[in-house]
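Student: Could you walk me through this fold? I would like to work from the overall layout down to single residues.

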Amino acid sequence: MKMSTITWADLARLKKAAKAAKAILPDLTHMQRLNAIAAAEYGVRHFHELEKRYDAQVASHVDVDGGADHCRFCSFTFDGTLPADIKAHSERHQLFEEAQAALGFVPMPYKEREQVKRTGYEWMRSPDPGTQRQGALAVLLSHFERSMERAVDGGRWHKHPYFVEYLAYALLGAGFIPESIRQRLAKEYGDKPGVIPAGSTDWPSQAAIKLSRSAPDAAASLRLRESVAQAAKTAAEASIAP
Ligand SMILES: [Zn+2]
């Protein structure tokens, strides 16, 4: 019996299972099969209870602020009285749920991203090469997060490189990094020019590149993302260098 959170994917899976059970439960209606499966898996009487639980979960992320609704989970601002806006939010929210399940994180919201970027630029002005390196990584992380947010919103996060792989592609165009630090990072993460166009920091939606997307890359990316973001956040709160 699962009492865990309900995702959009769970609801879709149950609907599919109810459809597939038609052959073995021919006397039940689709709704009755759906209710039976929901009862067996989640201990609820009706499938509708799971839908309500899901809706409540989504709503718990939404703040109403000065007339506009804002979802903290998928960083989306919308008008909660407009059906088109509600639909747009629910579609985006589902994509972010999917991405979180697969990636282990959701891209940072705009404000957090900008904070990490500002801190990164501050660190790069330090005379200490280690702090400069950390600063370069923080700015690159803010670019990665924006690029990933666009990929998630477009439903193509699975075609987006992980952070460590993104670094290799982003370094050539990263002229904002002191050259010695840029070279040092290129040695650590590789240097793969020619995919991200000059002047852009977004992973191109049409990039015809075979990405590694390996499990070690995923784990290393999560760790690096977490440590850079955490250091930037701590520094921003204390306004000190790492
Ligand atoms: Zn949302």
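Predicted model: local features only at pLDDT ≥ 70, side-chain atom pairs only at ≥ 80, totals over all residues.

Student: What pattern does the protein chain follow along the sequence?
Tutor: Helices (H or I, at least four residues) and strands (E, at least two) are DSSP runs, numbered from the N terminus. The protein chain has nine helices and three strands. Read along the sequence, they give the pattern α-α-α-β-β-β-α-α-α-α-α-α.

Student: What percentage of the residues of the protein chain count as buried?
Tutor: A residue is buried if 20 or more other C-beta atoms, placed from the backbone, lie within 10 Å of its own, exposed if 12 or fewer, and partly exposed in between. The C-alpha trace spans about 75 × 45 × 30 Å along its principal axes. Of the 242 residues, the buried share is 28%.

Student: Are helix 5 and helix 6 roughly parallel or roughly antiparallel to each other?
Tutor: Axes here are lines fitted to C-alpha atoms, for helices over the stretch in contact, with angles from 0 to 180 degrees between N-to-C directions. Angles under 35 degrees count as roughly parallel, over 145 as roughly antiparallel, 65 to 115 as roughly perpendicular and the rest as oblique. Helix 5 (residues 110-124) and helix 6 (residues 129-153) pack at about 155°, their axes 7 Å apart. The pair is therefore roughly antiparallel.

Student: And how are helix 6 and helix 8 placed, roughly parallel or roughly perpendicular to each other?
Tutor: Their axes are 10 Å apart, and the packing angle is about 70°. Residues are in contact if their C-beta atoms, placed from the backbone, lie within 7 Å, and here Pro-129, Gln-132, Arg-133 and Ala-136 of helix 6 meet Ile-181, Arg-184 and Leu-185 of helix 8. With that angle, helix 6 and helix 8 are therefore roughly perpendicular.

Student: Is Trp-203 buried or exposed?
Tutor: Trp-203 sits in the loop between helix 8 (179-189) and helix 9 (215-238). Leaving aside residues up to four places away in sequence, Trp-203 touches Ser-147, Ala-151, His-160, Pro-161, Tyr-166 and Ile-196. Because 25 C-beta neighbours lie inside 10 Å, Trp-203 counts as buried.

Student: How many Å separate the C-alpha atoms of Ala-231 and Ala-138?
Tutor: Ala-231 belongs to helix 9, and Ala-231 is partly exposed because 18 other C-beta atoms lie within 10 Å. Ala-231 and Ala-138 are 93 residues apart along the chain, and their C-alpha atoms are separated by 9.0 Å.

Note on methods: Residues numbered from 1 in each chain as written. Contact = placed C-beta atoms within 7 Å.
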